[in-house]
Amino acid sequence: MIELPEAVTLAGQLQQSIHGKVVKDVTVGQTPHKFAFFSEPDRYGSLLKGKRIEGAESSGGYVEILVEDDVSILVGDGARLLLHKDISTLPKKHQLLIEFTDGTFISATVQMYAMLYCQKRAEIENKYYLISKAKPSPLTDEFNLTYFKNLITESKPSFSAKAFMATEQRIPGLGNGVLQDILYTAKIHPRAKLSQLSVAQQENLFDSLKNIFKKMTDQGGRDTERDLYDNAGGYQTLISKNTVGSECPACKNLIVKEAYLGGSVYYCPQCQQL
């Protein structure tokens, strides 16, 4: 799933690879997918054909391709974006395909669920995208300890660490994937209640969040995700689907996996005691 480190990586790669290219054609929903969400797919052609790509940027967990005439292609959640240098490498199934006049392509395929919007910027009403644009990124100085503690104060004390950190886009671009290493490094159980966290634990959680986000972003995203060129991210996850059942690096207990709040959590029962 695209979270902040992957969104930053993809946006940077798109900026370098397709900036200035002109859209020749666009195919929407070639392979039907129940959880591929579009804005108004019948308008994609008129909004994109013959238009020049002006760049790409990210906000939270969203990748935004900027097209002339104030049009944006918004990609988020479980979309898989790939650059293709010729038609022979295109996937057999895809939910969005953009062809450029130089013979290259961008494809988007949906794994679990994903948004693949194309709209005039002034028309974008997606709640979580607008939140990601309005709130400070965890990578900025504006996202400081005071701001983080205010987020805790404004949240229900009964919220678990996972509910607080990874729902409702309280922290733009922080989802269930990035969450795991943040909690592990801070030695906090995913089910721990906010009301149970000491001041020191809150500060450890903040430090962990800032450090993990920076490492993941600097290294091109997590090793559980793929970039625009189909390469795994350079950040080696400590706690993830790649490490479940293996020994904890700190205490040698086995890393476990549990279902919780609509997804999986990974943790060390010894280092992250509830």
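Of the 32 residues in the largest nonpolar core, which touch the most other members? In this predicted model, they are Leu14, Ile73 and Leu81. Two or more residues of this core come from each of helix H1 (4-18), strand E1 (23-28), helix H2 (44-48), E3, E4, E5, strand E6 (96-100) and strand E7 (105-120). Another core lies apart from it and has 26 residues, including Phe143, Leu174, Leu205 and Met216.

The surroundings of Ile73 can be described in detail. Leaving aside its neighbours within four places in sequence, Ile73 is in contact with Leu48, Val63, Glu64, Ile65, Val67, Leu96, Ile98, Tyr117 and Cys118.

**The chain as a whole**

The protein chain contains seven helices and nine strands. Its radius of gyration is 20 Å, close to the 19 Å given by the globule rule for 274 residues, so the chain is as compact as a globular protein of that length. The C-alpha trace spans about 55 × 35 × 30 Å along its principal axes. Buried residues account for 50% of the 274 residues. Among contacts between residues at least 6 apart in sequence, 64% join residues at least 24 apart.

**Helix H3**

Helix H3 covers residues 127-134, and its buried residues are Tyr129, Ile131 and Ser132. These residues lie on the same side of H3, because they cover an arc of only 160° around the axis. Strand E3 (53-59), strand E4 (62-67) and strand E5 (71-84) are among what covers them. At the N-terminal end, H3 is capped by Asn126, a side-chain oxygen of which lies 3.2 Å from the backbone nitrogen of Tyr128.

**Selected buried residues**

| Residue | Relative accessible area |
|---|---|
| Cys118 | 3% |
| His94 | 4% |
| Cys271 | 15% |

His94 is located in the loop between E5 and E6. Leaving aside its neighbours within four places in sequence, His94 is in contact with Thr27, Gly29, Gln30, Thr31, Ala108 and Thr109.

**Cysteines**

How many disulfides does the count come to? The count is zero. For Cys271, the closest cysteine sulfur is that of Cys248, at 3.7 Å, which is too far for a bond, since a disulfide requires sulfur atoms within 2.5 Å. Cys271 is itself buried, as is Cys118, one of the residues in contact with Ile73.

Key: Residues numbered from 1 in each chain as written. Predicted model: local features only at pLDDT ≥ 70, side-chain atom pairs only at ≥ 80, totals over all residues. Heavy atoms only, no water. Buried < 20%, exposed > 50% of the residue type's maximum accessible area, 1.4 Å probe, protein only. Helix = DSSP H or I, 4+ residues; strand = E, 2+ residues; numbered from the N terminus. Arc of directions from axis to C-beta. Contact = heavy atoms within 4.5 Å. Polar contact = N/O pair within 3.5 Å; in protein donor to acceptor, adjacent residues only side chain to side chain. Core = buried A, V, L, I, M, F, W, Y, C linked by side-chain atoms within 4.5 Å. Rg over C-alpha atoms; globule rule 2.2 N^0.38 Å.
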